[in-house]
Structures are given as C-alpha cells and as structure tokens.
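Reader: I am new to reading protein models, and I would like to learn how to go through one step by step. Could you guide me?

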Amino acid sequence: MAAQRSQAATFKEPNRFLAAFQAFTYRVIARSYYRPYIESLGLRGDERVLEYGSGPGVASQLLAQALPDGHLTCVDISRVWMGYVKKVADKYSNVDLMHGDVADLDIPLESYDVVFVHYILHDIPARFQREKMRIVLSKLKKGGRCYIREPTSPAHGIAPEEIRAIMRENGLRETGAATGKSPQGAPTFQGVYEKL
Ligand SMILES: C[S@@+](CC[C@H](N)C(=O)[O-])C[C@H]1O[C@@H](n2cnc3c(N)ncnc32)[C@H](O)[C@@H]1O
C-alpha cells in the first residue's frame, strides 16, 4: 500500500513504444555521451554503487563493466524500464535490481560507496525531489561520493543551485562541478559530492 502511494504520487509508466524508441536513442548516444562521462568518474572498480533510476540500463551496463570487483544495484520505479535493465543484470553477475520507489525499498543506510544519479531528479515533481534525494543519499557511506548529471533548462530541468542545496542539506560537500550540453544541445550540470 505504501509503495502504491509513493509511486502514484510521483510517477507514470512510459508508453512501451516510446520507451523502445528512447532505449534505442540512448544506446545510440552511449558511446559519445555515457561512456566518456562514466570513464571520467575514476571508479577504482571495487565500489558498491547505487544507481538511482537506471531506466533502459545504458549507464548500468557501463557501470557494471567499470566494477569488476564491485557491485551495482539498479533502482527504478518503472516496470517497463526494469524489463530493459534486467537484460543487463542477466549478463553481469555483479548487478542486482530493486524495483520500486526508493522510499519503499529496504536498502540499508550508509551501505554504498557511490550513488549515481543521471537524468532522473529533473523527472521527479519538484515537491518530491528533496525527500527522494534525502532517502537516496542516506544510503551513502560517510566518505562516499555522489555523482550527478542533470539537464538544467527551466522548461525541463533542475537548477544547479537546487542540486547544490539538496547536497548541502544532506551533509555532502561539492568536490567538482561543470556545465555542459546534452546530445540535443540542452544545458546540463554535473557535480561530484562527498559525504562528510
Ligand atoms: C530519464 S530516465 C533516465 C534513466 C537513466 N538514469 C539514464 O540516464 O539513462 C529517468 C528514470 O527515472 C526513473 N524514476 C522516476 N521516478 C523515480 C522514482 N521515484 N524512483 C525510482 N526511479 C524513478 C524512471 O522510471 C526512469 O527510468
């Protein structure tokens, strides 16, 4: 019941045809947009990583490959997207899946070295963003890092100041930040945050 409430409030399943088209376009841009970003994170390879909102699993596959001695947990609220990311979990033994709203999932506190947030926060209604991120960031160990990249346009994005405020409120300090452009030319912000 609690799970149904959280989901109903924040999320609508994508149309399966649109999802297939989106998954295809994400795979097309994987090499030029996802891979360089994930390589730039400098993962050691033995971390426990929590991916919040894994969608079609394009980043998940690259993260799984970057963690030969580590582990990746993919969280997504969508049944449709879980079907895609399951193909990644079937292929890599270091990946597990958790389906649901992060508020309803039983994930131990401070149990991950890295939280990866890629193009998800802007999709969550503004009034729920702080609460969802408070929960996601509570899963990060002290000294752990959060990597975030989000679009920032007022029409479809989240302001960098908002991201920074959320990180501060949750006891994370910024250790790196940059602006960029999505493959469609929309402005983006990326930041690296360390939990104090
Ligand atoms: C735009 S997609 C991005 C997917 C992926 N991170 C990427 O960059 O390719 C946003 C994803 O967030 C998921 N999502 C939205 N609200 C969520 C929530 N409350 N909890 C978990 N996942 C959520 C959606 O189902 C979708 O898969």
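**The shell, the sheet and a helix pair**

Author: By class, the shell around the ligand has 11 nonpolar, six polar and four charged residues, where Ala, Val, Leu, Ile, Met, Phe, Trp, Tyr, Cys and Pro count as nonpolar, Asp, Glu, Lys and Arg as charged, and the others, Gly among them, as polar. This is a predicted model, in which local features need pLDDT of at least 70 and side-chain atom pairs count only at pLDDT 80 or more, while totals for chains, interfaces and linings use all residues. Residues are numbered from 1 along each chain as its sequence is written.

Reader: Which residues are the closest to the ligand?

Author: A residue is near a molecule if its C-beta atom, placed from the backbone, lies within 6 Å of it. Here 21 residues surround the ligand, and the closest are Gly53, Gly55, Ile77, Ser78 and Tyr119. Two or more residues of the shell come from each of α4 (58-65) and β2 (71-76); helices (H or I, at least four residues) and strands (E, at least two) are DSSP runs, numbered from the N terminus.

Reader: What is the order of the strands in the open sheet?

Author: Two strands pair if DSSP finds at least two bridges between them. The seven strands follow the order β3-β2-β1-β4-β5-β7-β6, with mixed pairing, and the edge strands, β3 (95-99) and β6 (172-181), each pair on one side only.

Reader: How do the axes of helix α3 and α4 cross?

Author: Two packed helices are described by the angle between their axes and the distance between the axes. Axes are lines fitted to C-alpha atoms, for helices over the stretch in contact, and angles run from 0 to 180 degrees between N-to-C directions. The axes of α3 (residues 30-40) and α4 come within 10 Å and cross at roughly 45°.

Reader: Why are α3 and α4 called oblique to each other?

Author: Angles under 35 degrees count as roughly parallel, over 145 as roughly antiparallel, 65 to 115 as roughly perpendicular and the rest as oblique, and α3 and α4 are therefore oblique. The contact residues of this pair divide into seven nonpolar, no polar and one charged.
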